[in-house]
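Subject: Structure handover

Hi,

Here is the structure I promised to pass on. My notes follow below it.

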Amino acid sequence: MKLKNLTISPEASLRNIGWNWMLGEDTLPYITNEMVVVSEEEAESYFDAANELYEMYIAAAQHVIDNERYAELGIPENLIELIEYSWENDANWHIYGRFDLSGGVDGKPIKLIEFNADTATCIPETAVVQWASLKANYLDESQQFNTLYETFVEKFRELHRQNPSFQKTLLISTMKDFPEDDTNMQVLGEAAKEAGFEVTFDYIENVEFSAIEGIFKYNTDSGSFTKYDFWFKLIPWEYIGWDEPELAQILTEISKNQKAVILNPAYTLLFQSKAILKILWELYPNHPLLLETSSQAILGKTCVEKVLFGREGANIRIISPSGTTETSTEGEYFEQNTVFQEYTDFLKDNAGNSYQAGVFFVGEACGLGYRRGGKILDNKAQFCGHLIEG
């Protein structure tokens with residue numbers, strides 16, 4: 001694969017806008033000084049792959065619902081009613097997700113690794129930082145497969161057009177002490193503002209929920225409450241199901257009473273579960289974009305054992321064809337059930353670094369970026385932008 005070095009690094013622009021968490025002062029710089037070079041044809045192949053995969057995910061989720069295979073996916077029982085309601089109700093739109101893919105460059109076939117459909121990050125890196133790096137280095141902005149921000153704006157406009165009875169008020173919530181999450185939501189919020197929404201941020205512990213009346217933010221200065229008709233939460237649905245069963249029930253009632261639109265909708269938890277990879281293989285065996293996935297180790301093949309709702313490369317084990325562990329990562333998800341996915345090599349540069357493509361989907365594929373790291377990409381991985389040439 002080919003990399004292009006940037007004369008002007010992203011560091012100065014990141015300091016100027018206060019995104020210090022990207023600077024990696026105690027580790028490697030999070031944003032690299034190189035970009036992956038892709039051809040126009042390769043960029044289009046990523047676009048086509050993500051669009052096709054989304055349609056396949058829709059079919060797989062419908063299959064799970066029709067056949068009530070929730071337990072296989074590790075879905076908390078207290079979220080099933082809301083999943084089914086949101087699936088049938090057009091008010092509950094899926095705003096965005098990110099496909100993680102191997103291959104796509106130098107003739108390497110594109111393969112699905114997983115779909116971060118519920119609480120995907122890498123928004124500012126993909127939408128803003130790699131674009132700003134192009135501009136800073138006097139490169140043409142048309143040399144990127146990157147309309148993520150503009151597509152967000154149009155998605156929010158369409159969201160309200162389809163839900164005219166709701167006010168254009170959006171509350172965005174994260175959990176405290178995760179600055180990366182806050183920055184991701186800043187970009188999402190700016191897009192919503194450009195689409196005409198009144199946007200407010202607050203941590204989830206400051207949000208009030210009423211099954212009868214809806215979702216409110218408490219105003220400490222005045223002691224009053226402000227109602228919001230749209231709520232985007234960068235809090236995983238499975239956390240709500242496992243740790244906040246009362247909230248899961250209230251959110252179900254809020255949705256059914258049409259007191260608010262909750263984003264991303266609960267049905268994205270079906271996409272988020274790694275067990276959907278096994279359903280996809282059942283429905284589309286030997287599809288060129290898929291890797292064989294099973295509930296047991298795949299005999300005679302190197303495979304990757306993944307927990308159903310793991311994040312940032314935690315609790316992953318690479319298993320040899322003979323069944324021995326080649327490498328693994330620890331994490332907090334070790335009590336979860338697992339699936340086994342056929343191993344595939346990531347793209348590699350001359351220094352041996354691995355590259356995984358991330359393609360954002362906002363109604364359609366709309367942005368490409370890469371994560372760079374070791375054999376298992378974990379929370380120490382770097383972000384690497386891309387450049388279209390040729």
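Ring pairs join Tyr 54, Tyr 57, Trp 87, Phe 99, Phe 115, Tyr 267, Phe 271 and Phe 361 into a cluster. Rings of Phe, Tyr and Trp (its six-membered ring) pair if their centres lie within 6.5 Å; planes under 30 degrees apart are stacked, over 60 edge-to-face, and the rest tilted.

Some ground rules before the rest. This is a predicted model, with residues numbered from 1 along each chain as its sequence is written. Local features need pLDDT of at least 70 and side-chain atom pairs count only at pLDDT 80 or more, while totals for chains, interfaces and linings use all residues, and side-chain values use heavy atoms, with hydrogens and water left out.

Aromatic pairs

There are 23 aromatic pairs in the structure. One of them is Phe 156 with Phe 197, an edge-to-face pair. Their centres are 5.7 Å apart, with 70° between the planes. Phe 156 sits in helix 5 (residues 148-161), and Phe 197 in the loop between helix 6 (179-194) and strand 6 (198-201). The pair therefore ties together parts that are 41 residues apart in sequence. Helices (H or I, at least four residues) and strands (E, at least two) are DSSP runs, numbered from the N terminus. Phe 156 is buried, at 0% relative accessible area. Phe 197 is buried too, at 5%. Buried means under 20% relative accessible area, exposed over 50%, and partly exposed in between (1.4 Å probe, protein chains only).

Helix 2 and its end

Helix 2 covers residues 40-67, 28 residues in all. At 1.5 Å a residue it should span 40 Å, and its end C-alpha atoms are 41 Å apart, which agrees. The expected span is 1.5 Å times one less than the number of residues. Glu 68 follows helix 2. Its phi is positive, near 50°, in a residue other than glycine. Glu 68 belongs to the loop between helix 2 and helix 3 (80-88). Glu 68 is exposed, at 61% relative accessibility.

Other backbone points

Most residues other than glycine have a negative phi, and most peptide bonds are trans. Asn 315 also has a positive phi, near 55°. It lies in the loop between strand 13 (303-307) and strand 14 (316-319). Asn 315 is buried, with a relative accessible area of 12%. The peptide bond from Leu 263 to Asn 264 is cis, with omega near -20°. Asn 264 is in the loop between strand 11 (261-263) and helix 9 (268-272).

Second largest pocket

The volume of the second largest pocket is about 280 Å³. Its lining has 14 residues; Ala 127, Trp 131, Asn 146, Tyr 149 and Glu 150 lie nearest its centre. Helix 4 (123-136), helix 5 and helix 6 are the elements that give two or more residues to this lining. By type, the lining residues are seven nonpolar, four polar and three charged.

The terms here need spelling out. On a 1 Å grid over the protein atoms alone, a pocket is an open set of points where a 1.4 Å probe fits, with protein on both sides within 12 Å along at least five of seven lines; lining residues have an atom within 4 Å of a point. Grid points are joined across faces, edges and corners, and a volume is the space filled by probe spheres set on the points. Ala, Val, Leu, Ile, Met, Phe, Trp, Tyr, Cys and Pro count as nonpolar, Asp, Glu, Lys and Arg as charged, and the others, Gly among them, as polar.

Cysteines

The structure has zero disulfides (pairs of cysteine sulfur atoms within 2.5 Å). Cys 366 is buried, at 0% relative accessible area. Cys 122 is buried at 7%. It is found in the loop between strand 4 (111-116) and helix 4. Cys 303 is buried as well, at 1%.

Distances along the chain

Val 36 is in strand 2 (residues 31-38). It is buried, at 0% relative accessible area. Val 36 and Asp 349 are 313 residues apart along the chain, and their C-alpha atoms are separated by 9.6 Å. Leu 270 is in helix 9 and is buried, at 0%.

Best wishes
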